[in-house]
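Thanks for asking me to look this one over. Here are my notes, in numbered points, to read alongside the model.

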Amino acid sequence: MAQYTKHPVAAPPIAPERESTGHLLLRAYATLVLFAVFAHTAVYNLVGEVGAGVIMALFLLGSLAIGIPMLARGRPHPFAWRRLPWAALAYTVLALLSVAWSQWRLPTILTWVLLAAVTVNALLIAHALVWHEIVQTLGSAFKWIIGLSIALELTVSLVLHHPLLPNFATLPDGDVDPHWYWVRDNFFDGGRIQGIVGNSNVLAIICLFAIITFGVRIALRARWRVTHALWIVAAAYLMFRASSATAYLCALAVAIVLLVAILIRRTRTPGGRTRIYATCGGIVAVAVAALVVFREPLFTALGRGADLTGRTDLVWAKVIERAAQHPIFGNGFSSPWIPTDPAFDGWIVDHGITVFHAHNMWLDVLMQLGVVGLVLMAAAYLSLLWRAWFFAVDRPRWDLRADRPFSPLTLLPVLFTVVLLVQGLAESTPIMLWGWMLLVMFSFKLKAVPLVGIGLSERSRVTERGHEARRVP
């Protein structure tokens with residue numbers, strides 16, 4: 001039973017502020033969107049190409065139905081039009097305009113609708129949720145993906161006792177290439193697992209995102225810290241079993257950036273920062289040079305070829321050849337490629353499957369939207385990296401006080417950005433679906449609210465235990 005003093009000087013008790021039902025539903029919608037975007041391949045394998053397209057179209061309509069009344073009423077706060085991620089939006093506009101010169105108009109239109117749906121939902125989440133809520137919804141989406149991945153892998157191994165094909169198709173007679181499987185039934189035999197996303201590399205990267213998110217939640221002293229630690233263990237196990245060389249390199253990059261950020265935070269003088277930047281820059285340069293020189297034994301030790309599993313000869317050479325045909329504005333937007341379209345069907349085939357992206361985000365952009373698109377994408381990611389870095393290492397300050405403590409939450413955007421940039425060297429995911437979602441969402445949020453707990457959208461309420469978000473007039 002709650003007790004309080006009746007002393008005449010003491011203030012009467014105040015009931016804790018509660019979230020409205022509408023805002024709880026909004027957070028649930030944001031979690032659903034993030035789950036559907038991060039696990040888009042699971043949705044595709046479950047309901048097929050048409051079903052996955054319909055679901056993303058419904059999310060686009062849903063975000064418009066939620067966002068337009070918000071803008072009209074100025075809730076939960078006025079929309080920060082001047083803080084929009086203009087480079088990313090310019091890329092989106094260029095992608096739409098490319099219909100005029102596209103070599104594959106139908107894929108351009110279809111994939112642009114997908115890009116628009118992800119963009120609008122990313123802007124909605126960044127506008128409607130505060131920083132702590134964004135981290136919380138990311139964590140919720142990752143829990144669903146990790147939990148369902150373990151459940152599906154166990155179901156296939158313990159109940160079905162055979163691999164599972166997309167859309168629950170019947171296994172054909174004879175040998176089937178493992179790359180066709182949704183789940184390979186490898187949970188107990190030590191092979192690579194794929195989870196509900198049906199791809200070991202994607203599962204490993206999502207698990208790395210989950211480890212970062214849950215680690216930040218623990219550092220924030222959020223509730224259920226032991227549970228978050230258990231989720232980290234589960235994510236680390238799935239990441240290990242996915243055995244993705246790209247994810248391992250991303251994890252190494254995250255560890256280095258995290259260490260440098262912590263050192264910069266503890267430095268009190270500009271000269272100290274300069275020395276750390278110079279030292280770490282030299283170490284990174286030596287590490288990159290060593291990676292280039294010793295890439296063959298390194299990738300062999302990781303179970304991969306020096307040609308990045310056929311990327312250089314099988315994929316990149318053909319992409320560069322097609323990009324050279326229209327170098328300025330490209331051949332037309334299509335992220336991902338539509339394997340059934342004549343322009344891509346049978347163009348690049350790996351293990352009997354038509355490849356649907358260039359396995360390098362920069363080459364993919366160059367082929368689709370040329371040098372102009374490449375400049376816009378580089379501007380979008382460099383802007384995000386710049387803002388995310390100083391969001392992480394600069395002490396929060398909005399008045400004369402300069403001794404406020406750092407928040408662990410401010411490390412999350414830069415660590416996510418590093419993962420995307422490193423992954424983009426071997427995959428095209430950072431320019432589509434959840435990669436694009438994170439780019440737009442973090443770019444907009446960092447520009448609109450550069451301080452945790454302070455800013456236009458940080459409402460006057462406690463979002464995490466011990467972390468009060470105050471609204472500045």
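**Notes on the predicted model**

1. Let me start with histidine 228, which counts as buried because its relative accessibility is 3%, under the 20% cut-off. Please keep in mind throughout that this is a predicted model. Histidine 228 belongs to helix α7, which covers residues 225-242. A polar atom of the histidine 228 side chain sits 3.5 Å from the backbone oxygen of arginine 223. Setting aside neighbours within four places in sequence, the contacts of histidine 228 are Lys143, Phe214, Arg217, Ile218 and Arg223.

2. Now the overall picture. The protein has 14 helices and 4 strands, and 49% of its 473 residues are buried. Of the contacts between residues at least 6 apart in sequence, 72% join residues at least 24 apart. The accessible surface is about 22900 Å², with 68% of that belonging to carbon and sulfur atoms.

3. Helix α9 contributes the most, with 4 residues. Valine 293 is a residue of helix α9, and it counts as exposed because its relative accessibility is 59%, over the 50% cut-off.

4. Which residue pairs with arginine 273 in a salt bridge? The partner is aspartate 394, and the closest N and O atoms are 3.1 Å apart. This pair links distant parts of the chain, with arginine 273 in helix α9 and aspartate 394 in the loop between α12 (361-393) and α13 (412-423), 121 residues apart. The count of salt bridges comes to 1. As for cover, aspartate 394 is partly exposed, at 33% relative accessibility.

5. The loop between α5 (131-160) and α6 (200-219) holds leucine 165. Is leucine 165 buried or exposed? It is buried, with a relative accessible area of 10%. The C-alpha atoms of leucine 165 and tyrosine 181 are 4.7 Å apart, although 16 residues separate the two along the chain. Beyond neighbours within four places in sequence, leucine 165 touches Thr170, Leu171, Pro172, Trp180, Tyr181 and Trp182.

6. Finally, some backbone details to inspect. Most residues other than glycine have a negative phi, and most peptide bonds are trans. Serine 335 and proline 336 are joined by a cis peptide bond, with omega about 0°; proline 336 lies in the loop between α11 (311-323) and β1 (349-350). Arginine 221, in the loop between α6 and α7, has a positive phi near 60° and is exposed, with a relative accessible area of 52%. Serine 243, in the loop between α7 and α8, has a positive phi near 50° and is partly exposed, at 24% relative accessible area.

Technical notes:
Residues numbered from 1 in each chain as written. Predicted model: local features only at pLDDT ≥ 70, side-chain atom pairs only at ≥ 80, totals over all residues. Heavy atoms only, no water. Helix = DSSP H or I, 4+ residues; strand = E, 2+ residues; numbered from the N terminus. Buried < 20%, exposed > 50% of the residue type's maximum accessible area, 1.4 Å probe, protein only. Polar contact = N/O pair within 3.5 Å; in protein donor to acceptor, adjacent residues only side chain to side chain. Contact = heavy atoms within 4.5 Å. Areas by Shrake-Rupley, 256 points an atom, 1.4 Å probe, with all protein chains shown as cover. Salt bridge = Lys/Arg side-chain N within 4 Å of Asp/Glu carboxyl O.
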